[in-house]
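Student: Please take a close look at the aromatic side chains in this model. Which rings pair up, and where do they sit?

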Amino acid sequence: MDLEGNKRVFNRLGPNPNQQPDNRNQKVCFHWRAGNCNRFPCPFLHRELSAPPNGTPSSKRPYSFATDDQRPTAARRGGGSSFNTWGRGGGRGDGVNNNNISGSGVGVKKDKICKFWVQGSCSFGEKCRYLHSWCTGTCFAMLTQLEGHQKVVSGIALPVGSDKLYTGSRDETVRVWDCQSGQCAGVIKLGGEVGFMISEGPWMFVGLPNLVKAWNVQTSAELSLNGPVGQVYSLVVGNDLLFAGTQDGSILAWKYNVATNCFEPAASLQGHTSAVVTLVVGANRLYSGSMDKSIRVWNLENLQCVQTLTDHSDVVMSVLCWDQFLLSCSLDKTIKVWAATESGKLEVTYTHSEEHGLLNLCGMHDLESKPVLLCSCNDNTVRAYDLPSFVERGKIYAKQEIRSIHGGPNIFFTGDGTGEVKVWQWLADQSATVVPA
């Protein structure tokens with residue numbers, strides 16, 4: 001299978017491009033590109049047009065990496081600072097622009113999945129110019145696919161020590177999967193769309209409209225946490241508190257009372273003017289990203305907002321803590337890396353740009369304990385990058401946008417808009433062949 005830009009000769013090459021040009025129309029035959037031209041001689045070319053002269057690069061370069069002089073001041077501090085290591089990958093990890101076409105009658109696999117292959121009806125087989133695989137790269141491969149949800153998968157959780165995987169969806173159900181057989185072990189009907197879900201110890205928390213549902217997977221105890229207004233989009237646990245980001249812009253907090261075996265309201269954090277769609281805890285801080293395009297930083301001790309970050313120009317979809325840095329992504333097509341100054345305030349130290357809006361960030365380690373960042377984009381793909389270099393490791397494709405990514409021990413999970421959940425494994429051998437679906 002041709003996955004990394006290896007060249008493949010087409011069956012219909014037409015005349016030798018090195019010969020003197022004839023009088024045929026200097027256009028590429030549409031039917032030849034589709035693989036079904038039966039005209040001989042054909043008045044159109046049976047080869048691709050030559051590449052631009054002088055090696056002119058494609059105007060559709062997917063990624064740009066800032067030089068030291070282009071980076072913000074915070075990224076150019078001297079003294080061997082770790083700020084200077086961001087984005088020093090020098091380009092894409094594979095060094096190939098799959099959108100380019102050579103002028104010698106040789107095709108290059110396009111960086112796009114074949115829609116006919118997805119439907120099981122592609123007649124070109126290995127000769128197809130589009131990908132016949134759910135991923136590229138050699139660092140991970142798909143293990144299996146879990147089907148059953150009818151709408152977008154909005155939450156995935158794998159409780160520590162459990163042999164069950166839990167997936168929540170906007171089809172108003174949570175499905176329980178047996179990790180050994182891959183079969184659905186149960187369906188929990190909730191009567192409302194799942195906005196998010198997490199696990200903490202034996203507890204599962206599910207965000208619903210105007211409610212957070214909690215149940216203990218060991219004792220089967222079930223609790224309802226009231227108070228949210230609108231859909232609950234995000235959940236996180238920190239400093240013995242459960243936080244929920246809601247549709248009205250509030251962040252509600254509950255504390256578990258062992259004596260009464262229930263979660264009691266502890267606080268309501270106000271400040272965002274629109275829905276809070278992402279939460280993360282790190283360095284004794286709570287970070288919240290919102291549809292109001294801002295990130296708020298909260299002190300976990302007194303629950304006061306200590307800083308508001310407004311560098312994104314669109315909805316902040318996901319925030320992530322890694323090492324001493326905060327990472328955030330937005331529909332403005334950027335990933336921003338934040339670091340604390342001497343005063344303790346966060347500043348942008350590096351900005352990574354994509355061609356499409358970003359939906360979700362998930363950090364994990366590969367089998368060699370190297371940190372990898374998975375970035376879901378709204379072009380139905382997930383990019384995998386080494387940190388901190390942002391060198392691309394591979395790419396995952398889906399039928400619709402991937403809204404949920406969750407890491408497990410040596411595996412990870414993705415859930416897309418069609419309701420499909422895919423299970424992926426990390427590969428130890430970097431030269432291993434990618435396993436197609």
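Tutor: What follows goes through the aromatic pairs and then a ring with a charge over it. The model is predicted. The count comes to 16 aromatic pairs, with ring centres within 6.5 Å as the cut-off. One of them joins phenylalanine 140 and tryptophan 424, with 6.1 Å from centre to centre and 75 degrees between the planes, an edge-to-face arrangement. Phenylalanine 140 belongs to strand β4 (residues 140–146) and tryptophan 424 to strand β29 (residues 421–426), so this pair ties together parts that are 284 residues apart in sequence. Both phenylalanine 140 and tryptophan 424 are buried.

Another pair is made by phenylalanine 205 and phenylalanine 263: the ring centres are 5.4 Å apart and the planes stand at 85 degrees, so this pair is edge-to-face. It links distant parts of the chain, since phenylalanine 205 is in strand β10 (residues 203–216) and phenylalanine 263 in strand β14 (residues 262–269), 58 residues apart. Phenylalanine 205 and phenylalanine 263 are each buried.

Beyond these pairs, one aromatic cluster is formed by Trp86, Trp322, Phe325, Tyr350, Tyr385 and Phe390.

A charged side chain also meets a ring: lysine 422 lies over the face of tryptophan 134, at 4.2 Å from the ring centre. Strand β29, which holds tryptophan 424, covers residues 421–426.

Technical notes:
Residues are numbered from 1 along each chain as its sequence is written. This is a predicted model: local features need pLDDT of at least 70, side-chain atom pairs count only at pLDDT 80 or more; totals for chains, interfaces and linings use all residues. Side-chain values use heavy atoms; hydrogens and water are left out. Rings of Phe, Tyr and Trp (its six-membered ring) pair if their centres lie within 6.5 Å; planes under 30 degrees apart count as stacked, over 60 as edge-to-face and the rest as tilted. Helices (H or I, at least four residues) and strands (E, at least two) are DSSP runs, numbered from the N terminus. Buried means under 20% relative accessible area, exposed over 50%, partly exposed in between (1.4 Å probe, protein chains only). A charge sits over a ring if NZ of Lys or CZ of Arg is within 6 Å of the ring centre and within 35 degrees of the ring normal.
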